[in-house]
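These are my notebook entries on one protein chain. I begin each topic with the terms that I need and then record what I looked up.

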Amino acid sequence: MMRRVDEYLNLNRANWDERAPAHATSPDYNVQGFIDDPAFISAVVRFDRPLIGDVSGLRGVHLQCHIGTDTVSLHRLGARMTGLDFSSVAIEQARALVARSGEDVSFVESDVYDAASALGGERYDLVFTGIGALGWLPSISRWAATVADLLRPGGRLFIREGHPMLWSLADARTDSLLVVDFPYFERDEPIVWVGAGTYVETDAVFTANTTHEWNHALGEIVTALVAQGLQITGLVEHDSVPWEALPGLMSKDDGGEWRLTDRPWRLAASYTLQAVKMT
Ligand SMILES: C[S@@+](CC[C@H](N)C(=O)[O-])C[C@H]1O[C@@H](n2cnc3c(N)ncnc32)[C@H](O)[C@@H]1O
(Lines give C-alpha, C1' and ligand atoms only; values in the text may rest on other atoms or scores of the structure.)
Protein backbone atom coordinates (compact mmCIF):
# COMPACT_ATOMS: atom_id res chain seq x y z
CA MET A 1 0.00 0.00 0.00
CA MET A 2 1.24 3.53 -0.84
CA ARG A 3 2.15 5.70 2.12
CA ARG A 4 -0.21 8.68 2.42
CA VAL A 5 2.55 11.16 1.66
CA ASP A 6 3.26 9.47 -1.67
CA GLU A 7 -0.42 9.09 -2.36
CA TYR A 8 -1.21 12.82 -2.27
CA LEU A 9 1.84 13.74 -4.32
CA ASN A 10 1.19 11.04 -6.90
CA LEU A 11 -2.52 11.77 -7.25
CA ASN A 12 -2.06 15.52 -7.44
CA ARG A 13 0.90 15.33 -9.82
CA ALA A 14 -1.02 13.05 -12.20
CA ASN A 15 -3.89 15.54 -12.16
CA TRP A 16 -1.60 18.47 -13.02
CA ASP A 17 0.45 16.51 -15.58
CA GLU A 18 -2.78 15.91 -17.50
CA ARG A 19 -4.07 19.46 -17.23
CA ALA A 20 -0.86 21.38 -18.04
CA PRO A 21 -0.92 20.77 -21.85
CA ALA A 22 -4.64 21.58 -21.99
CA HIS A 23 -4.00 24.81 -20.11
CA ALA A 24 -1.14 25.72 -22.45
CA THR A 25 -3.52 25.59 -25.43
CA SER A 26 -6.50 27.19 -23.68
CA PRO A 27 -7.48 30.72 -24.72
CA ASP A 28 -7.70 31.55 -21.01
CA TYR A 29 -3.93 31.18 -20.49
CA ASN A 30 -3.29 32.87 -23.88
CA VAL A 31 0.24 31.52 -24.37
CA GLN A 32 0.16 32.79 -27.97
CA GLY A 33 -0.42 36.30 -26.60
CA PHE A 34 2.93 36.06 -24.77
CA ILE A 35 4.68 35.06 -28.01
CA ASP A 36 2.98 37.66 -30.19
CA ASP A 37 3.52 40.59 -27.82
CA PRO A 38 6.77 40.75 -25.80
CA ALA A 39 5.15 43.29 -23.45
CA PHE A 40 2.10 41.12 -22.70
CA ILE A 41 1.63 40.15 -19.04
CA SER A 42 -0.94 37.84 -17.45
CA ALA A 43 -4.18 39.22 -16.01
CA VAL A 44 -3.11 37.81 -12.60
CA VAL A 45 0.12 39.82 -12.55
CA ARG A 46 -1.67 42.88 -13.97
CA PHE A 47 -3.95 42.69 -10.92
CA ASP A 48 -0.93 42.33 -8.61
CA ARG A 49 0.98 45.30 -10.01
CA PRO A 50 -0.31 48.09 -7.76
CA LEU A 51 0.52 46.05 -4.65
CA ILE A 52 3.74 44.35 -5.75
CA GLY A 53 5.33 47.62 -6.85
CA ASP A 54 8.70 47.77 -8.56
CA VAL A 55 10.33 44.36 -9.01
CA SER A 56 13.00 45.38 -11.49
CA GLY A 57 16.39 43.88 -10.75
CA LEU A 58 15.01 41.57 -8.06
CA ARG A 59 16.07 37.96 -8.04
CA GLY A 60 12.79 36.08 -7.71
CA VAL A 61 11.47 32.55 -7.41
CA HIS A 62 7.90 31.65 -8.31
CA LEU A 63 6.70 28.63 -6.33
CA GLN A 64 4.13 26.38 -8.03
CA CYS A 65 4.66 28.27 -11.27
CA HIS A 66 2.50 25.96 -13.41
CA ILE A 67 3.07 26.66 -17.15
CA GLY A 68 5.12 29.78 -16.42
CA THR A 69 2.82 32.56 -17.60
CA ASP A 70 2.99 34.52 -14.33
CA THR A 71 6.74 33.80 -14.01
CA VAL A 72 7.34 35.25 -17.48
CA SER A 73 5.11 38.21 -16.62
CA LEU A 74 7.30 39.02 -13.60
CA HIS A 75 10.38 38.69 -15.82
CA ARG A 76 8.77 41.22 -18.16
CA LEU A 77 8.41 43.60 -15.22
CA GLY A 78 12.18 43.39 -14.77
CA ALA A 79 12.71 40.61 -12.18
CA ARG A 80 15.22 37.81 -12.77
CA MET A 81 12.92 34.82 -12.37
CA THR A 82 13.10 31.11 -11.68
CA GLY A 83 9.90 29.07 -11.65
CA LEU A 84 9.44 25.85 -9.67
CA ASP A 85 6.73 23.22 -9.97
CA PHE A 86 6.46 19.48 -9.24
CA SER A 87 4.75 18.68 -12.56
CA SER A 88 7.35 17.74 -15.19
CA VAL A 89 4.71 18.37 -17.85
CA ALA A 90 3.96 21.88 -16.54
CA ILE A 91 7.71 22.59 -16.47
CA GLU A 92 8.03 21.33 -20.09
CA GLN A 93 5.26 23.73 -21.11
CA ALA A 94 6.90 26.62 -19.24
CA ARG A 95 10.25 25.89 -20.92
CA ALA A 96 8.52 25.66 -24.32
CA LEU A 97 7.01 29.12 -23.70
CA VAL A 98 10.37 30.78 -23.02
CA ALA A 99 12.03 28.85 -25.87
CA ARG A 100 9.47 30.48 -28.18
CA SER A 101 9.61 33.93 -26.59
CA GLY A 102 13.41 33.85 -26.32
CA GLU A 103 13.42 34.97 -22.68
CA ASP A 104 15.95 34.07 -20.01
CA VAL A 105 13.74 32.47 -17.36
CA SER A 106 14.69 29.14 -15.79
CA PHE A 107 12.36 26.43 -14.54
CA VAL A 108 13.06 23.71 -11.97
CA GLU A 109 11.03 20.57 -11.29
CA SER A 110 10.55 19.94 -7.57
CA ASP A 111 8.07 19.42 -4.78
CA VAL A 112 7.66 22.82 -3.12
CA TYR A 113 8.81 21.41 0.23
CA ASP A 114 12.15 20.44 -1.40
CA ALA A 115 12.59 23.84 -3.09
CA ALA A 116 15.55 25.00 -1.00
CA SER A 117 17.71 22.01 -1.97
CA ALA A 118 16.37 21.83 -5.55
CA LEU A 119 17.43 25.48 -5.99
CA GLY A 120 20.89 24.75 -4.61
CA GLY A 121 20.54 26.82 -1.44
CA GLU A 122 20.07 30.10 -3.37
CA ARG A 123 18.49 32.99 -1.44
CA TYR A 124 16.07 35.30 -3.22
CA ASP A 125 14.89 38.92 -2.97
CA LEU A 126 11.35 37.85 -3.83
CA VAL A 127 9.33 34.70 -3.31
CA PHE A 128 6.13 34.91 -5.37
CA THR A 129 3.27 32.47 -5.29
CA GLY A 130 -0.38 32.63 -5.98
CA ILE A 131 -3.87 31.70 -7.02
CA GLY A 132 -4.55 28.06 -6.43
CA ALA A 133 -1.21 27.10 -4.85
CA LEU A 134 -1.48 26.62 -1.07
CA GLY A 135 -4.44 24.24 -1.20
CA TRP A 136 -2.19 21.49 -2.62
CA LEU A 137 0.01 21.50 0.48
CA PRO A 138 -0.85 19.58 3.65
CA SER A 139 1.09 21.75 6.10
CA ILE A 140 1.20 25.55 6.02
CA SER A 141 4.00 25.53 8.63
CA ARG A 142 6.24 23.51 6.32
CA TRP A 143 5.43 25.88 3.48
CA ALA A 144 6.32 28.92 5.63
CA ALA A 145 9.63 27.26 6.59
CA THR A 146 10.34 26.72 2.89
CA VAL A 147 9.61 30.38 2.13
CA ALA A 148 11.92 31.49 4.96
CA ASP A 149 14.70 29.21 3.66
CA LEU A 150 14.42 30.78 0.20
CA LEU A 151 14.49 34.45 1.25
CA ARG A 152 17.61 36.47 1.98
CA PRO A 153 17.37 38.71 5.04
CA GLY A 154 15.28 41.69 3.90
CA GLY A 155 13.77 39.65 1.05
CA ARG A 156 10.01 39.61 0.66
CA LEU A 157 7.16 37.21 0.08
CA PHE A 158 4.29 38.21 -2.19
CA ILE A 159 1.27 35.97 -2.35
CA ARG A 160 -2.18 36.43 -3.80
CA GLU A 161 -4.34 33.41 -3.13
CA GLY A 162 -7.91 32.23 -2.99
CA HIS A 163 -9.30 33.12 0.44
CA PRO A 164 -9.83 30.25 2.92
CA MET A 165 -13.37 31.60 3.35
CA LEU A 166 -13.98 30.90 -0.35
CA TRP A 167 -12.40 27.42 -0.22
CA SER A 168 -14.74 26.48 2.65
CA LEU A 169 -17.90 27.08 0.59
CA ALA A 170 -20.05 24.53 -1.19
CA ASP A 171 -19.64 25.39 -4.85
CA ALA A 172 -22.55 23.75 -6.62
CA ARG A 173 -25.71 25.27 -5.18
CA THR A 174 -28.68 26.41 -7.22
CA ASP A 175 -30.32 28.52 -4.48
CA SER A 176 -27.50 31.13 -4.46
CA LEU A 177 -26.89 30.63 -0.73
CA LEU A 178 -23.27 30.66 0.46
CA VAL A 179 -22.95 27.55 2.57
CA VAL A 180 -19.89 26.50 4.57
CA ASP A 181 -19.34 22.86 3.64
CA PHE A 182 -15.57 22.28 3.70
CA PRO A 183 -13.01 22.82 6.48
CA TYR A 184 -11.88 26.38 7.13
CA PHE A 185 -9.00 25.26 9.37
CA GLU A 186 -6.11 23.03 8.32
CA ARG A 187 -6.72 19.38 9.13
CA ASP A 188 -4.46 16.36 8.81
CA GLU A 189 -7.00 14.58 6.65
CA PRO A 190 -7.16 15.81 3.06
CA ILE A 191 -10.31 16.96 1.32
CA VAL A 192 -10.64 14.22 -1.30
CA TRP A 193 -11.94 15.83 -4.46
CA VAL A 194 -13.10 14.08 -7.64
CA GLY A 195 -13.56 16.41 -10.59
CA ALA A 196 -13.25 15.71 -14.30
CA GLY A 197 -12.91 19.35 -15.29
CA THR A 198 -10.56 22.27 -14.87
CA TYR A 199 -10.82 26.02 -14.37
CA VAL A 200 -10.15 27.11 -17.96
CA GLU A 201 -11.92 26.64 -21.27
CA THR A 202 -10.78 23.40 -22.95
CA ASP A 203 -12.14 20.43 -24.92
CA ALA A 204 -9.59 18.06 -23.33
CA VAL A 205 -10.91 14.98 -21.57
CA PHE A 206 -9.18 14.07 -18.31
CA THR A 207 -8.83 10.75 -16.51
CA ALA A 208 -6.64 11.66 -13.49
CA ASN A 209 -9.47 13.29 -11.57
CA THR A 210 -8.94 12.53 -7.87
CA THR A 211 -7.00 15.06 -5.84
CA HIS A 212 -6.10 15.57 -2.19
CA GLU A 213 -6.38 19.16 -1.01
CA TRP A 214 -6.25 21.18 2.22
CA ASN A 215 -7.55 24.51 3.44
CA HIS A 216 -5.44 26.80 5.65
CA ALA A 217 -7.05 29.50 7.78
CA LEU A 218 -5.86 33.06 7.26
CA GLY A 219 -4.69 33.18 10.88
CA GLU A 220 -2.75 29.92 10.41
CA ILE A 221 -0.98 31.36 7.35
CA VAL A 222 -0.03 34.59 9.14
CA THR A 223 1.04 32.74 12.30
CA ALA A 224 3.18 30.26 10.33
CA LEU A 225 5.04 33.09 8.60
CA VAL A 226 5.55 35.05 11.83
CA ALA A 227 6.90 31.88 13.49
CA GLN A 228 9.55 31.73 10.74
CA GLY A 229 10.74 35.28 11.48
CA LEU A 230 8.80 37.07 8.76
CA GLN A 231 7.15 40.41 9.45
CA ILE A 232 3.77 40.91 7.79
CA THR A 233 3.89 44.14 5.77
CA GLY A 234 0.52 43.92 4.05
CA LEU A 235 -2.69 41.92 4.11
CA VAL A 236 -5.47 43.00 1.76
CA GLU A 237 -8.65 41.00 1.21
CA HIS A 238 -10.39 41.20 -2.16
CA ASP A 239 -13.97 40.46 -3.19
CA SER A 240 -12.79 38.87 -6.46
CA VAL A 241 -10.80 35.98 -7.94
CA PRO A 242 -9.47 35.42 -11.48
CA TRP A 243 -11.69 32.41 -12.22
CA GLU A 244 -15.37 31.53 -11.81
CA ALA A 245 -14.98 29.96 -8.38
CA LEU A 246 -18.72 29.71 -7.64
CA PRO A 247 -20.27 28.82 -11.01
CA GLY A 248 -23.51 30.60 -11.73
CA LEU A 249 -23.12 33.01 -8.81
CA MET A 250 -20.35 35.25 -10.16
CA SER A 251 -19.90 37.89 -12.86
CA LYS A 252 -16.68 38.78 -14.69
CA ASP A 253 -15.35 42.33 -14.91
CA ASP A 254 -13.26 43.86 -17.71
CA GLY A 255 -10.02 42.92 -15.93
CA GLY A 256 -10.92 39.20 -15.87
CA GLU A 257 -11.86 39.16 -12.15
CA TRP A 258 -14.95 37.30 -10.94
CA ARG A 259 -17.03 38.41 -7.94
CA LEU A 260 -20.46 37.57 -6.54
CA THR A 261 -23.17 39.05 -8.74
CA ASP A 262 -25.44 39.56 -5.74
CA ARG A 263 -23.93 41.65 -2.92
CA PRO A 264 -20.25 40.90 -3.58
CA TRP A 265 -19.29 42.51 -0.26
CA ARG A 266 -20.44 39.33 1.51
CA LEU A 267 -17.41 37.31 0.48
CA ALA A 268 -13.63 37.64 0.91
CA ALA A 269 -12.74 35.76 -2.27
CA SER A 270 -8.96 36.26 -2.35
CA TYR A 271 -6.23 38.06 -0.44
CA THR A 272 -2.80 39.55 -1.02
CA LEU A 273 -0.28 39.00 1.74
CA GLN A 274 3.20 40.48 1.84
CA ALA A 275 5.91 39.75 4.39
CA VAL A 276 9.59 40.51 4.84
CA LYS A 277 12.21 38.18 6.28
CA MET A 278 13.83 40.10 9.12
CA THR A 279 17.20 38.34 9.65
C1 LIG B 1 -3.48 26.25 -9.87
S2 LIG B 1 -1.84 25.93 -10.41
C3 LIG B 1 -1.08 27.44 -10.09
C4 LIG B 1 -1.64 28.34 -11.01
C5 LIG B 1 -0.82 29.53 -11.22
N6 LIG B 1 -1.18 30.54 -10.28
C7 LIG B 1 -1.05 29.89 -12.64
O8 LIG B 1 -2.20 30.21 -13.00
O9 LIG B 1 -0.14 29.76 -13.43
C10 LIG B 1 -1.14 24.96 -9.12
C11 LIG B 1 0.25 24.46 -9.47
O12 LIG B 1 0.77 23.90 -8.26
C13 LIG B 1 1.58 22.81 -8.64
N14 LIG B 1 1.75 21.98 -7.44
C15 LIG B 1 0.80 21.33 -6.74
N16 LIG B 1 1.36 20.69 -5.68
C17 LIG B 1 2.68 20.96 -5.71
C18 LIG B 1 3.78 20.58 -4.90
N19 LIG B 1 3.62 19.80 -3.83
N20 LIG B 1 5.01 21.04 -5.22
C21 LIG B 1 5.19 21.84 -6.32
N22 LIG B 1 4.19 22.20 -7.15
C23 LIG B 1 2.95 21.78 -6.84
C24 LIG B 1 0.82 22.14 -9.76
O25 LIG B 1 1.63 21.33 -10.56
C26 LIG B 1 0.28 23.36 -10.51
O27 LIG B 1 1.11 23.70 -11.58
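**Entry 1: terms and source.** I call a residue buried under 20% relative accessible area, exposed over 50%, and partly exposed in between, with a 1.4 Å probe and protein chains only. Helices (H or I, at least four residues) and strands (E, at least two) are DSSP runs, numbered from the N terminus. The model is predicted: local features need pLDDT of at least 70 and side-chain atom pairs count only at pLDDT 80 or more, while totals for chains, interfaces and linings use all residues. Residues are numbered from 1 along each chain as its sequence is written, and side-chain values use heavy atoms, with hydrogens and water left out.

**Entry 2: helix H9.** I looked up which residues of H9 (residues 218–227) are buried, and found Leu218, Ile221, Ala224 and Leu225. They lie on the same side of H9 because they cover an arc of only 135° around the axis, the arc being that of the directions from the helix axis to the C-beta atoms. Thr223 and Ala227, on the other side of H9, are exposed. An α-helix has 3.6 residues a turn, so residues three or four places apart point the same way. I then asked what covers the buried residues of H9. The cover, by contact (heavy atoms within 4.5 Å), includes helix H7 (140–150), S5, helix H8 (164–167), S8 and S11. Just after H9, I noted a positive phi of about 85° at Gly229.

**Entry 3: the sheet.** Two strands pair if DSSP finds at least two bridges between them. I traced an open sheet of seven strands with mixed pairing, in the order S3-S2-S1-S4-S5-S11-S8. Strand S3 (106–109) and strand S8 (230–238) are at the edges; each has a single partner strand, so one side of each is left without a neighbour in the sheet. From one strand to the next, the twist averages 15°. Angles run from 0 to 180 degrees between N-to-C directions, and axes are lines fitted to C-alpha atoms, for helices over the stretch in contact. S2 (residues 80–85) and S3 run parallel and are joined by four bridges, with Leu84 opposite Val108 in S3. Helix H4 (residues 69–76) lies across strand S1 (59–63), S2, S3 and S4, at about 170° to S2.

**Entry 4: the cores.** A nonpolar core is a set of buried Ala, Val, Leu, Ile, Met, Phe, Trp, Tyr and Cys residues joined through side-chain atoms within 4.5 Å. Which residues have the most contacts inside the largest core? I found Leu63, Trp143 and Leu157, in a core of 34 residues. H7 gives the most to this core, with six residues. A second, separate core has 29 residues, among them Tyr29, Cys65, Ile67 and Val98.

**Entry 5: aromatic rings.** Rings of Phe, Tyr and Trp (its six-membered ring) pair if their centres lie within 6.5 Å; planes under 30 degrees apart count as stacked, over 60 as edge-to-face and the rest as tilted. I found nine aromatic pairs in the structure. Phe34 and Phe40 are edge-to-face, at 4.9 Å centre to centre with 85° between the planes. Phe128 and Phe158 are stacked, because their ring centres are 5.7 Å apart and their planes are at 5°. This pair links distant parts of the chain, with Phe128 in strand S4 and Phe158 in strand S5, 30 residues apart. Phe128 is buried at 2% relative accessibility, and Phe158 is buried at 0%.
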